[in-house]
Amino acid sequence: MPIDFAAAVDSLSALASRVPPRAQQLIAAAAVAALAYAAADWRFRRSRLALPAPLVAIRRQALQTAAHGGVELLAGVTQGSRRPVLFVHGGYHSARCFRKYLVFLAQRGIPAYAVSMPSHGLSDRMSLFRSLFATPKGTYCNVVDDAVKHISNLHNGQAPILCGHSAGGGLAQIYLNSSTLSPSTVHALVLLAAFPATNGFEIMKNWIRFDPWLPFRFTSIRPPLATIELAHRAFLSDAFDIRSAEGSQFWQELEYVESFGWPLSLISGQFADPKTVAEKVSGRVAVFGGRVDRLMTNSIVEHTAKLYGLEPIFVENCAHDLMLDVGWEKGAHQLLKVLESFH
């Protein structure tokens, strides 16, 4: 039976005419919002189908986790059998941000790994809504736990050294603070420009100081990093050439969105007890900071180190992303010295 489209349109028009104008506006707004979300979700899920600059001397694998399906695990190619190291990235980054460290350490016989959190890098993508609003810090801690145990199994039961950068450093402290975690699970902890366990609200204040429009940017995709200049200011030193090929790679590898639950849990009060964290790694803790970091300023890094009864280690000529900035290699040598002391 053929469909009478003209009659169908007339029926819909008659139905619409009985709907109050205000209701029509609300329905239209909801439809537009639904379409906009669908488009943003489609873009987000496809945003990592391809990545620039293939990785050299680094292996990639998909680690199947109980918490979140497949997550990306990168490893520096080495035949070394020394104690392994696991890096955990911070907000808007992925495992790729440690690519220089992975190769540097692997060349010196240290098996080095980096894991991408859910919806980061080439880890499985969740929906845009779930990525933004419905991924609690516990999910990320479970991913860290799966990665730690996987790496330990690969290296004859050796507990890895856990290195967390920025919010990843905060996550590492939350993970080690868990009452259910065995003290022998992680060998040592290295905090790289990490959130202090007491409260990270000062970091957000620092961000607003050099970007007063930050609170208003959360209405857009990749809000705090809406332009390459903003990303440069937040993460890298003035000496870093953001218009170079390396700068372009850095910009393209940043994530479009970030979970609200993960970073917000780090700025709403004390999230870990430094004494408990230190006990889990038998006191083997080191605290690093970038000398020209605009977010984790020298005073914040010094405060973090003081919580653990330590003196901080500063990497000269580096801002927040000390593993990518112009002074990264000097920082890598400083890190190597610390890792060797922990082995």
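User: How do the axes of α8 and α9 cross, and within what distance do they come?
Analyst: In this predicted model, the axes of α8 and α9 cross at roughly 95° and come within 11 Å. Axes here are lines fitted to C-alpha atoms, for helices over the stretch in contact, with angles running from 0 to 180 degrees between N-to-C directions. Helices (H or I, at least four residues) and strands (E, at least two) are DSSP runs, numbered from the N terminus.

User: Parallel or perpendicular, then?
Analyst: Roughly perpendicular, α8 to α9. The classes are roughly parallel under 35 degrees, roughly antiparallel over 145, roughly perpendicular from 65 to 115, and oblique for the rest.

User: Which residues meet there?
Analyst: Ile-228, Ala-231 and Phe-235 of α8 meet Gly-247, Phe-250 and Trp-251 of α9, where contact means heavy atoms within 4.5 Å. By class, that contact has five nonpolar residues, one polar and no charged ones. Ala, Val, Leu, Ile, Met, Phe, Trp, Tyr, Cys and Pro count as nonpolar, Asp, Glu, Lys and Arg as charged, and the others, Gly among them, as polar.

User: And at what angle do α5 and α6 pack?
Analyst: Helix α5 (residues 137-154) packs on helix α6 (residues 167-177) at about 80°, with the axes 10 Å apart. That makes α5 roughly perpendicular to α6. From α5, Lys-137, Tyr-140, Cys-141, Val-144, Asp-145 and Val-148 meet Leu-171, Ile-174 and Tyr-175 of α6. The class count for this contact is seven nonpolar, no polar and two charged residues.

User: Switching topic: how many salt bridges does the count come to?
Analyst: The count is 12 salt bridges, each being a side-chain nitrogen of Lys or Arg within 4 Å of a carboxyl oxygen of Asp or Glu.

User: What does Arg-82 form a salt bridge with?
Analyst: Its partner is Glu-340, with the closest N and O atoms 3.3 Å apart. Arg-82 sits in the loop between β2 (69-76) and β3 (85-88) and Glu-340 in helix α13 (residues 328-342), so the pair ties together parts that are 258 residues apart in sequence. Arg-82 is partly exposed, at 29% relative accessible area, and Glu-340 is partly exposed at 40%. Buried means under 20% relative accessible area, exposed over 50%, and partly exposed in between (1.4 Å probe, protein chains only).

User: Where do Arg-294 and Asp-238 lie?
Analyst: Their side chains meet in a salt bridge of 2.5 Å, N to O. This pair links distant parts of the chain, 56 residues apart: Arg-294 in the loop between β7 (285-290) and α12 (298-307), Asp-238 in the loop between α8 (228-235) and α9 (245-253). Asp-238 is exposed, at 65%.

User: How much of the protein do buried residues make up?
Analyst: Buried residues are 53% of the 343 residues.

Terms used. Residues are numbered from 1 along each chain as its sequence is written. This is a predicted model: local features need pLDDT of at least 70, side-chain atom pairs count only at pLDDT 80 or more; totals for chains, interfaces and linings use all residues. Side-chain values use heavy atoms; hydrogens and water are left out.
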